[in-house]
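The sequence and structure come first.

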Amino acid sequence: MCSRTSSRSRTGRPRSVAADAAILEATRAALVELGWSKLTMGDVAGRAGVAKTTLYRRWASKNELVVDAVAVLFDELELPDLGSLQADIENVVLQFAALLQRPETKTALMAVVAESTRDEPLRERIRSSIVDRQKRLVLEGRQRAQERGELPTDRDPVSIDDTDDLIFDVIAGAVVHRALVSAEPVDEAWVQRFTALLIGGLGAAAATPLG
């Protein structure tokens, strides 16, 4: 009898995908309207039409909630096969830039990054929920380019991981800085120049392990 009760307690009620989506959407809307400092879990619960206890069962804090709200947006990024490494990179960089221009993305990302400078657990959540998940695009693009013969194949797992990290850092850093810090346009002309510069260094990066 105790075993069955314990099993039910561990399993709990299944999470509602629709409720999660409504909560994350309400979080983004509240951020745009209220800003980070005025955003509360209670306000999000009211907008999403759920009890505040429902939020706290899913997210322990506002920080966690906002990271997940913006992570869902970054999951929309895709890397279609356009036939060449240059075309693939240009396409995903333009997608990324367009995503950063959306008010909900811009507000949420800048807020959590600022907060993470004094909150190590939040920094770790950003890394795991956004950065590490989006490195899939780099891995996919590099593997595709190697299959086409556009990049050399590197069989050293450590070197592969180091190179993927470096590529991600260069792309994310450049686009975020230009779009959100410098507030300059990330248009097709800039993306073409940036991609040409990036591709020029990819071969060297693949052949030179970090450290």
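Predicted model: local features only at pLDDT ≥ 70, side-chain atom pairs only at ≥ 80, totals over all residues.

- Asp164 and Arg142 join their side chains in a salt bridge, at 2.7 Å from N to O.
- Because Asp164 is in helix 9 and Arg142 in helix 8, the bridge ties together parts 22 residues apart in sequence.
- Asp164 counts as buried at 8% relative accessibility, and Arg142 counts as buried at 7%.
- Lys135 pairs with Asp165 in a salt bridge whose closest N and O atoms are 2.7 Å apart.
- This pair links distant parts of the chain, with Lys135 in helix 8 and Asp165 in helix 9, 30 residues apart.
- Asp165 has a relative accessible area of 29% and is therefore partly exposed.

**Salt bridges overall**

- The structure contains 20 salt bridges.
- Side chains of opposite charge can pair when their charged atoms come close.

**Nonpolar core**

- The largest nonpolar core has 54 residues.
- Val44, Leu65, Phe74, Val93, Leu100 and Val175 have the most contacts inside this core.
- Two or more residues each come from helix 2 (17-34), helix 3 (41-48), helix 5 (62-74), helix 6, helix 7, helix 8 (120-148), helix 9 (157-181) and helix 10 (188-207).
- Leaving aside residues up to four places away in sequence, Val175 touches Val93, Phe96, Ala97, Leu100 and Trp190.
- In soluble globular proteins, nonpolar side chains tend to be buried together.

**Contact of helix 6 with helix 7**

- The axes of helix 6 (residues 85-101) and helix 7 (residues 103-116) come within 5 Å and cross at roughly 80°.
- Angles of 65 to 115 degrees count as roughly perpendicular, so helix 6 and helix 7 are roughly perpendicular to each other.
- On the helix 6 side, Leu99, Leu100 and Gln101 take part, and they meet Pro103, Thr105, Lys106 and Leu109 of helix 7.
- By class, this contact has 4 nonpolar, 2 polar and 1 charged residues.

Definitions and conventions: Residues numbered from 1 in each chain as written. Heavy atoms only, no water. Axes fitted to C-alpha atoms, helices over the stretch in contact; angles between N-to-C directions. Helix = DSSP H or I, 4+ residues; strand = E, 2+ residues; numbered from the N terminus. Parallel < 35°, antiparallel > 145°, perpendicular 65-115°, else oblique. Contact = heavy atoms within 4.5 Å. Nonpolar A, V, L, I, M, F, W, Y, C, P; charged D, E, K, R; others polar. Core = buried A, V, L, I, M, F, W, Y, C linked by side-chain atoms within 4.5 Å. Buried < 20%, exposed > 50% of the residue type's maximum accessible area, 1.4 Å probe, protein only. Salt bridge = Lys/Arg side-chain N within 4 Å of Asp/Glu carboxyl O.
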